[in-house]
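Trainee: Please take a close look at one helix for me. Then go through the pockets and cavities of the model.

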Amino acid sequence: MPVPSSPPDRPVLRQITANGIEINVAVAGEGPAVLLLHGFPHTWRLWTHVMDGLSDRFRVITPDLRGFGASTRAVDGYDAGTLAADAEALLRALGESSAAVVAIDAGVPPAFLLAMRRPGLVRQLVVMESLLGPLPGAEKFLAQGPPWWFNFHREPGLAESVLVGNEDRYIDWFLDEGTLGQGVEPALRADFLDAFSGSEALRCAFSYYRALPSSAGQILDATHRSRLTVPTLAIGARPVGRALEQQLRPVTDRLAGRLVEDCGHIIPLHRPDELLRLLDPFLSDSAGAPVDTTRR
């Protein structure tokens, strides 16, 4: 990684009206736009270290997704298609005609749909540690069924009624599991706990899981209509590994896959330097070509 000639810009927080909601977004740096989409249980601060590593040469845009952090806690709209429309409207509101899109976990389905629906808007796509609905390729990962919390979160009203008052223990479990026991910095932990405290915050978070059937249908429809044509990089760690790459390979024209060794699910916090070493050549390629797809 090149050493920045000056310290990275401090992110500027803004409230942007887009697709009928208010989106809290942190913006730093200048140059080609890079949109970073987080997952559960995160906020834009998931990308703190990655943002520092990119903002010397890119305009880095990191929103709180719908219902998360300081963005609108909407009644609905948690399906991947609406979330993709949120991202598109945010980029337009910020004056960007194209962006590289980097996503993890719950941010991956909307990032995928955005690239499928608006390939002229998405310059490059990077996706990590998630699955794309029912697309073939994840059978081995799902051999014992989806992770236990999926069904718990999907039952309307149940998880939030059980967890209010115990949010810290619950969120800590995901943060510890996602970093192989390392945990996260106290300031980031406090931000995540604050963002997911209270029944309304939890309802919004679990609405992502409750919208999974709609999102799955949207993903299938998109792949039946067209192929993913933008240069794409799929990055795996534990536990998803190469399952996402395997789902993408039959429907993607230009795909590269990488694994981050000895890394938990929350790659941007657990192994940010390794992630930046993968992102830098991919995002910096002005021709938009993926890294060598023959390497494993």
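Mentor: Buried means under 20% relative accessible area, exposed over 50%, and partly exposed in between (1.4 Å probe, protein chains only). The model is predicted, so local features need pLDDT of at least 70 and side-chain atom pairs count only at pLDDT 80 or more, while totals for chains, interfaces and linings use all residues. Residues are numbered from 1 along each chain as its sequence is written, and side-chain values use heavy atoms, with hydrogens and water left out.

Now the buried side. Ser 215, Ala 216, Gln 218, Ile 219, Ala 222 and Thr 223 are the buried residues of H9. They cover an arc of only 165° around the axis, so they sit on the same side of H9. The arc is that of the directions from the helix axis to the C-beta atoms. An α-helix has 3.6 residues a turn, so residues three or four places apart point the same way. The buried residues of H9 pack against H2 and helix H3 (108-117); contact means heavy atoms within 4.5 Å.

Next, the length. Helix H9 (residues 212-225) has 14 residues, which at 1.5 Å a residue should span 20 Å; its end C-alpha atoms are 20 Å apart, which agrees. The expected span is 1.5 Å times one less than the number of residues. Helices (H or I, at least four residues) and strands (E, at least two) are DSSP runs, numbered from the N terminus.

H9 also takes part in the largest pocket. H9 gives five residues to the lining of this pocket, the largest share. The largest pocket has a volume of about 910 Å³. Its lining has 42 residues, and Asp 105, Pro 147, Trp 149, Phe 150 and Tyr 209 lie nearest its centre. The elements that give two or more residues to this lining are H2, H3, helix H4 (148-154), helix H6 (167-177), helix H8 (199-210) and H9. By class, the lining divides into 28 nonpolar, eight polar and six charged residues. Ala, Val, Leu, Ile, Met, Phe, Trp, Tyr, Cys and Pro count as nonpolar, Asp, Glu, Lys and Arg as charged, and the others, Gly among them, as polar.

Two terms need their cut-offs. On a 1 Å grid over the protein atoms alone, a cavity is a set of points where a 1.4 Å probe fits but cannot get out, and a pocket is an open set with protein on both sides within 12 Å along at least five of seven lines; lining residues have an atom within 4 Å of a point. Grid points are joined across faces, edges and corners, and a volume is the space filled by probe spheres set on the points.

H2 leads on to a cavity. Four residues of H2 make up the largest share of the lining of the largest cavity. Strand E3 (33-37) and helix H2 (80-93) each supply at least two residues of that lining. The largest cavity has a volume of about 70 Å³. Its lining has eight nonpolar, no polar and three charged residues. Among them are Ile 23, Leu 35, Asp 64, Arg 66, Asp 86 and Leu 90.
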